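Subject: Structure for your review

Dear colleague,

Please find the structure below, followed by an account of what was found in it. I would be grateful if you would read the account with the structure open beside you.

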Amino acid sequence: MTIRVLVWGENRHEQVEPHVAEIYPDGMHTTIAAGISENLGDEAKVATTTLEEPEHGLTEEVLADTDVLVWWGHAAHGEVEDKVVERVYQHVLSGMGLVVLHSGHWSKIFGKLMGTSCTLRWRSERDRELVWTVNPTHPIAQGVPHPIEIEQQEMYGEFFDIPVPDELIFVSSFSGGEVFRSGCTFRRGHGKIFYFSPGDQDFPVYHHKDVRKVIANGVAWARSDRPERAVPTLLRYETGDFFNGHGYQGPIEEPADA
């Protein structure tokens, strides 16, 4: 089945910083989308949207028609409306895949799903990054060289305040000696999440063929068949009735005069 992919981009740096616009004249979201299409071909139908769209381009109808959401944000995390974050969160729990890139570690949606601060060490001084594969049998690592060499990149270093990943696929090392868990997977509800760190706006990392391959592999991995019942509901059953539960939207509230 065709993977329905939506690439969400903040699209701020490209509008106000000439050197970023020179690297990504059509926006980082467009470059990321092109890399996914380039690697997955007819297996994926790829669309893009940005922060400035109504409801950030993430309406209920759009998300219901999305198998995997790819997220890049940096300068305007706080501008993402909480109601939209909650909507995306519910769709991940119900089985929509999520691929979070680079500074998306500090996005509202990633923090909500991780339950931690998601902070890290960083430095932007044109470090060389080597992305080492530590789980070579994982589908996301297939067709990826060991290591991937990125000539210039922003440094991300430990400690990275995330929960212990379900799977650690890539670890990066930098010219300053730092290391970082740069490729991790998580599962929340029915949804699969892949975090991949390479890709700062100041460097042409999303033009790198091996980075594009990893992101495409991550999209293919994150897709799952959503169950008929999306987010499980609290159900009360009568004795002997295995099929027809009575659902509740939340906890039973005590009467005000109780």
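A residue is called buried when its relative accessible area is under 20%, exposed when that value is over 50%, and partly exposed in between. Please bear in mind that this is a predicted model.

**Salt bridges**

Side chains of opposite charge can pair when their charged atoms come close. A salt bridge is counted here when a side-chain nitrogen of Lys or Arg is within 4 Å of a carboxyl oxygen of Asp or Glu. By this rule there are 17 salt bridges in the model.

One of them joins Arg 123 to Glu 178, with the closest N and O atoms 2.8 Å apart. This pair links distant parts of the chain: Arg 123 belongs to strand β5 (residues 121–133), while Glu 178 sits in the loop between β7 (167–174) and β8 (179–188), 55 residues apart. Arg 123 and Glu 178 are both buried.

Another salt bridge is formed by Arg 223 and Asp 67, where the closest N and O atoms are 3.8 Å apart.

Are the partners in the salt bridge between Arg 236 and Glu 238 buried or partly exposed? The N to O distance in this pair is 2.6 Å. Arg 236 has a relative accessibility of 42%, and therefore counts as partly exposed. Glu 238, at 39%, also counts as partly exposed. Elsewhere, salt bridges with shared partners join Arg 4, Asp 65, Asp 67, Arg 223 and Asp 225 into one network.

**Helix α3**

Helix α3 (residues 28–40) has 13 residues, which should span 18 Å at 1.5 Å a residue; the C-alpha atoms at its ends are 18 Å apart, so the two values agree. Its buried residues are Met 28, His 29, Thr 31, Ile 32, Ala 33, Gly 35, Ile 36 and Leu 40. An α-helix has 3.6 residues a turn, so residues three or four places apart point the same way. The buried residues of α3 pack against several elements, among them β1 (3–9), α1 (13–16), β2 (44–50) and β4 (97–101). After α3 comes Gly 41, which has a positive phi, near 55 degrees.

**Aromatic pairs**

The model holds 10 aromatic pairs. In one of them, the ring centres of Tyr 156 and Phe 180 are 5.6 Å apart and the ring planes are at 70 degrees, so the pair is edge-to-face. Tyr 156 is in strand β6 (residues 148–157) and Phe 180 is in strand β8, 24 residues apart. With a relative accessible area of 4%, Tyr 156 is buried; Phe 180, at 1%, is buried too. Ring pairs also link Phe 110, Tyr 156, Phe 160, Phe 180, Phe 186 and Tyr 195 into a cluster.

**A nonpolar surface patch**

Which residues form a nonpolar patch on the surface? They are Trp 132, Val 134 and Leu 168, and together they have about 230 Å² of accessible area. Leu 168 is placed in strand β7, and its relative accessibility of 31% makes this residue partly exposed.

Yours sincerely,
A colleague

Definitions and conventions: Residues are numbered from 1 along each chain as its sequence is written. This is a predicted model: local features need pLDDT of at least 70, side-chain atom pairs count only at pLDDT 80 or more; totals for chains, interfaces and linings use all residues. Side-chain values use heavy atoms; hydrogens and water are left out. Helices (H or I, at least four residues) and strands (E, at least two) are DSSP runs, numbered from the N terminus. Buried means under 20% relative accessible area, exposed over 50%, partly exposed in between (1.4 Å probe, protein chains only). Patches are made of residues with over 30% relative accessible area and no salt bridge: like charges are joined within 9 Å, nonpolar side chains (Val, Leu, Ile, Met, Phe, Trp, Tyr) within 5 Å. Accessible areas come from the Shrake-Rupley method with a 1.4 Å probe; for residues, only the protein chains shown count as cover. The expected span of a helix is 1.5 Å times one less than its number of residues. Contact means heavy atoms within 4.5 Å. Rings of Phe, Tyr and Trp (its six-membered ring) pair if their centres lie within 6.5 Å; planes under 30 degrees apart count as stacked, over 60 as edge-to-face and the rest as tilted.
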